Amino acid sequence: MVSIDRDKLYDGLLGLAIGDALGVPAEFMTRKHLNRKPITDMINGGCWDQPAGTWSDDTSMTLATIDALNKNDWIINKDTLIDIMINFVKWERHGKFAAHENRFDIGNTCLEAIDNFSVNKNPYTCGVTGDKRCGNGALMRILPCIYIESDMDILSVSRLTHDNETCDLASLAYTAYAKELMNGKDKYEALGVIREIIDKNPAYNKTLYKLFNNVGENEIYSTGYVVDTFEAAIWCVLNTDNYKDCVLKAVNLGDDTDTVAAIAGGLAGLYYGKDKIPTEWVSTLRDIGTLKRICFNE
Ligand SMILES: [Mg+2]
């Protein structure tokens with residue numbers, strides 16, 4: 001039986017959900033626009049026109065994953081993977097795991113994988129393949145895998161939607177780094193595990209260069225391409241020294257604001273702990289009861 005430290009899980013989950021909710025009203029805004037008018041608090045509006053504190057697909061798919069893991073004692077096998085996909089279907093069709101059961105966004109590749117699963121019911125083949133399908137939709141929901149030991153098991157969760165090598169490496173590198181932060185390792189020292197995972201593939205030399213040389217903001221892109229999202233999220237953790245600044249920096253990079261802030265926020269939550277998250281943001285977050293209920297398996 002895998003032992004789950006639910007308090008630590010909540011550090012990461014709350015960090016992720018709040019980053020997500022801060023980014024939702026700014027999604028697709030450019031960095032130039034946000035430089036002039038930065039996000040500094042939870043607000044409503046934006047292209048989705050949601051109330052302040054509303055989380056999106058990033059948090060919903062993470063919750064759907066935790067719920068399925070709870071049901072299966074956090075052991076990854078075919079039944080667990082099927083339960084995760086069934087939860088994704090419930091989210092897509094009925095809004096389960098969405099804030100107040102209102103789903104308003106979904107990524108193209110995730111939708112395609114959910115449709116594939118609805119037809120073939122096979123969690124090993126529903127993920128969308130192809131080198132061009134490198135969005136951040138697997139990375140944004142992989143945080144619960146901090147409690148999954150085997151790389152192959154983590155990959156089987158990641159590949160449920162995005163089945164290609166680039167997304168594989170991002171999911172593995174992110175969970176490995178998150179595990180280090182969760183265990184109290186210094187955020188710079190922890191970078192070593194990212195190097196170990198992506199060093200073997202020269203295609204990612206540039207990513208290592210960016211993370212280890214602390215490049216300027218102009219070399220960081222915050223698009224939905226998984227490599228950009230991954231680099232941006234780690235860069236925000238490295239270039240700030242508290243939760244609040246980390247997620248606000250992530251949002252104000254612009255473009256895929258909610259996902260970059262969710263991924264950075266998950267790491268910052270694990271690193272600094274939930275008590276360092278501004279209390280006014282925690283109280284503005286919508287439907288926090290669902291978050292707690294699933295996290296603590298109540
Ligand atoms: Mg989203």
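This is a predicted model: local features need pLDDT of at least 70, side-chain atom pairs count only at pLDDT 80 or more; totals for chains, interfaces and linings use all residues.
Ala, Val, Leu, Ile, Met, Phe, Trp, Tyr, Cys and Pro count here as nonpolar, Asp, Glu, Lys and Arg as charged, and the others, Gly among them, as polar. Residues are numbered from 1 along each chain as its sequence is written, and side-chain values use heavy atoms, with hydrogens and water left out.

**Largest pocket**
- A pocket is an open set of points on a 1 Å grid over the protein atoms alone, with protein on both sides within 12 Å along at least five of seven lines; a cavity is a set where a 1.4 Å probe fits but cannot get out; lining residues have an atom within 4 Å of a point.
- The largest pocket has a volume of about 380 Å³, a volume being the space filled by probe spheres set on points joined across faces, edges and corners.
- Its lining numbers 20 residues, with D57, G107, N108, N136 and D256 nearest the centre.
- Two or more lining residues come from each of α5 (108-120) and α12 (257-272); helices (H or I, at least four residues) and strands (E, at least two) are DSSP runs numbered from the N terminus.
- α5 gives the largest share, three residues.

**Magnesium site**
- S56 (OG), D57 (OD), D58 (OD) and D258 (OD) are the protein donors of the magnesium ion, at 2.0 to 2.3 Å.
- Donors are N, O and S atoms within 2.8 Å of the metal (3.2 Å for Na, K and Ca); water is not among the atoms, so sites may look incomplete.
- Along the chain, the donor spacing is S-D-D-x199-D.
- S56 is buried at 2% relative accessibility, and D58 is buried at 0%.
- Buried means under 20% relative accessible area, exposed over 50%, and partly exposed in between (1.4 Å probe, protein chains only).

**Largest cavity**
- One cavity of 30 Å³ or more is counted.
- The largest cavity has a volume of about 70 Å³.
- T166, L169, A170, I198, Y204, T207, V227 and F230 line the largest cavity.
- α7 (165-182) and α10 (226-238) each give two or more residues to this lining.
- α7 gives the most, three residues.
- The lining has six nonpolar residues, two polar and no charged.

**S150**
- S150 sits in the loop between β1 (128-129) and α6 (151-158).
- S150 is partly exposed, at 30% relative accessible area.
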